Amino acid sequence: AIEIIEDSSNKIVARDFLKLEDVSVETIIRRIDTIIRSMVEKIDEEDKEDAYQEIKNLDRGINKLRFLLYKIVKSGIEDHNLATKLNLSNYELLKTRLMADNLEEIADELRRFMRFRKKIELTKIDEKKINSCIIDIKNSYIEVMEAHYKKNIEKAHEIASQKDIHLKKCDEMFKDTNNKEIVPIIEKIKSIQSWIRAIARGIIT
């Protein structure tokens with residue numbers, strides 16, 4: 001397996017390790033979180049093609065970290081002693097797997113969003129509305145991850161309840177635009193908000 005020892009928007013440094021009990025699940029989740037935040041920031045860059053390529057590279061790093069979490073979960077279920085050393089119950093192992101899935105889905109949708117975004121010329125009005133939705137994603141994502149770290153169930157409920165508001169905003173944008181080419185972009189925004197809500201629900205349960 002691999003351990004990511006440094007990650008940034010420009011590079012990921014890894015090293016081999018032999019003992020899974022030396023790995024911190026929460027540290028890996030925080031590293032994935034850091035990469036996703038970098039991906040969201042890239043969306044705002046003026047050179048959309050360059051931003052897309054960088055987001056793709058960052059997504060590959062997340063895939064490696066997700067694979068490492070999968071390995072930990074599988075090994076922890078098969079080896080109770082390992083799970084004990086990691087201080088993870090079977091329930092916590094399951095929640096780790098679900099969290100890894102949710103974070104990867106967000107990263108994948110950000111990559112797909114950018115793949116569509118770089119191809120489409122937007123009017124100033126449409127661009128303003130898309131940018132507003134991106135700000136919503138940034139805020140929702142940061143809030144849900146903070147709720148995760150603090151195990152703030154009340155905040156998680158609040159975030160989960162906001163999903164329909166965000167989806168309605170996207171639907172209204174679709175009705176108002178004359179450029180139907182932005183449909184895939186809108187769908188990716190809606191999907192990202194849905195996965196953010198999935199993280200919130202995971203905190204609640």
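Analyst: Start with a cut-off. Buried means under 20% relative accessible area, exposed means over 50%, and partly exposed lies in between. Keep in mind that this is a predicted model.

User: Is A198 buried, exposed or partly exposed?

Analyst: A198 has a relative accessibility of 23%, so A198 counts as partly exposed. This residue sits in helix α8.

User: Let me step back. How many helices and strands does the protein have?

Analyst: There are eight helices and two strands in the protein. Along the sequence the order is β-β-α-α-α-α-α-α-α-α. The radius of gyration is 18 Å, close to the 17 Å that the globule rule gives for 205 residues, so the protein is as compact as a globular protein of that length.

User: What does the C-alpha trace span along its principal axes?

Analyst: The C-alpha trace spans about 60 × 35 × 20 Å. Contacts tell you about the fold in another way. Take the contacts with a separation of 6 or more: residues 24 or more positions apart account for 76% of them.

User: What share of the residues is buried?

Analyst: Buried residues make up 46% of the 205.

User: How far apart are the mean positions of the positive and negative charges?

Analyst: They are 2 Å apart. The protein has 39 positive and 39 negative charges.

User: Next, the inside. Which residues touch the most other members of the largest nonpolar core?

Analyst: The largest one here has 60 residues, and I36, L103, V144 and M145 touch the most other members. The elements that give two or more residues to this core are α1 (25-42), α2 (48-78), α3 (80-85), α4 (90-117), α5 (124-150), α6 (153-161), α7 (163-176) and α8 (183-204). Helix α2 gives the most, with eleven residues.

User: Pick one of those core residues. What does L103 touch?

Analyst: Leave out residues up to four places away in sequence. L103 then touches I29, I32, I36, Y141, M145 and I199. Two of these, I36 and M145, are also among the core residues that touch the most other members.

User: Is M114 buried or exposed?

Analyst: M114 has 0% relative accessibility, so M114 counts as buried. Helix α4 holds this residue. Beyond its neighbours within four places in sequence, M114 is in contact with I43, K48, A51, Y52 and I55. Compare a distance as well: M114 and G202 are 88 residues apart in sequence and 27 Å apart in space, C-alpha to C-alpha.

User: And where is H148?

Analyst: H148 is in helix α5. The cut-off for buried is under 20%. H148 has 18% relative accessibility, so H148 counts as buried. With neighbours within four places in sequence set aside, H148 is in contact with E26, I29, M99 and I203. The C-alpha atoms of H148 and M99 are separated by 9.9 Å, and these residues are 49 apart along the chain.

User: Which helix holds L82, and what does L82 touch?

Analyst: L82 lies in helix α3. Its relative accessibility is 7%, so L82 counts as buried. Residues up to four places away are again not counted. L82 touches L20, E21, S75 and G76.

User: Last topic, the backbone. What is the phi of N87?

Analyst: N87 has a positive phi of about 60 degrees, although it is not a glycine. N87 lies in the loop between α3 and α4. Its relative accessible area is 64%, so N87 is exposed.

User: Where is K151 found, and what is its phi?

Analyst: K151 is found in the loop between α5 and α6. Its phi is near 55 degrees, a positive value in a residue other than glycine. K151 has 68% relative accessibility, so K151 counts as exposed.

Technical notes:
Residues numbered from 1 in each chain as written. Predicted model: local features only at pLDDT ≥ 70, side-chain atom pairs only at ≥ 80, totals over all residues. Heavy atoms only, no water. Core = buried A, V, L, I, M, F, W, Y, C linked by side-chain atoms within 4.5 Å. Buried < 20%, exposed > 50% of the residue type's maximum accessible area, 1.4 Å probe, protein only. Helix = DSSP H or I, 4+ residues; strand = E, 2+ residues; numbered from the N terminus. Contact = heavy atoms within 4.5 Å. Rg over C-alpha atoms; globule rule 2.2 N^0.38 Å. Lys, Arg positive; Asp, Glu negative; His and termini not counted. Charge placed at Lys NZ, Arg CZ, Asp CG, Glu CD.
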